[in-house]
Amino acid sequence: MTETLKTTLIRIMGDDYPIKSDADSEYMKDLARYVEDTVRNVTSRIKLPPHLKPEILAALLIADEYFTQREKNAEIERKMLELVSVIEEQGGEKADK
């Protein structure tokens, strides 16, 4: 079964980008708004030299958020697996009695 790709036109910093994806159009637009908000946040806080592009700094900030969240999720998963192991051990002890 092949997935149907839809083209969604998104706008970031005044430029239009036709994006082909199987994702919902509203989701794609939400992503574009998030990227644009991040770029605007970078440009409003920092005076950048002309050779630096705010989009690159925004991409780094977004990547940092992603990596930080990914690490937090991995830690939560480790703790959850530890708890499941404890619960299974206790369940086995009760079954033995």
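Guide: Thr-7 belongs to strand β1, where strands (E, at least two residues) and helices (H or I, at least four) are DSSP runs numbered from the N terminus. This is a predicted model, in which local features need pLDDT of at least 70, side-chain atom pairs count only at pLDDT 80 or more, and totals for chains, interfaces and linings use all residues. Residues are numbered from 1 along each chain as its sequence is written, and side-chain values use heavy atoms, with hydrogens and water left out.

Thr-7 counts as partly exposed because its relative accessibility is 49%; buried means under 20% relative accessible area, exposed over 50%, and partly exposed in between (1.4 Å probe, protein chains only). Not counting residues up to four places away in sequence, Thr-7 touches Pro-18, Ile-19 and Lys-20, contact meaning heavy atoms within 4.5 Å. The C-alpha atoms of Thr-7 and Asp-22 are separated by 8.6 Å, the two residues being 15 apart along the chain.

The partner strand is β2 (residues 15–21), which runs antiparallel to β1 and is joined to it by 7 bridges; two strands pair if DSSP finds at least two bridges between them. Lys-6 has Ser-21 of β2 as its bridge partner. Together β1 and β2 form a hairpin with 2 residues between them, and Met-13 in the turn has a positive phi of about 55 degrees.
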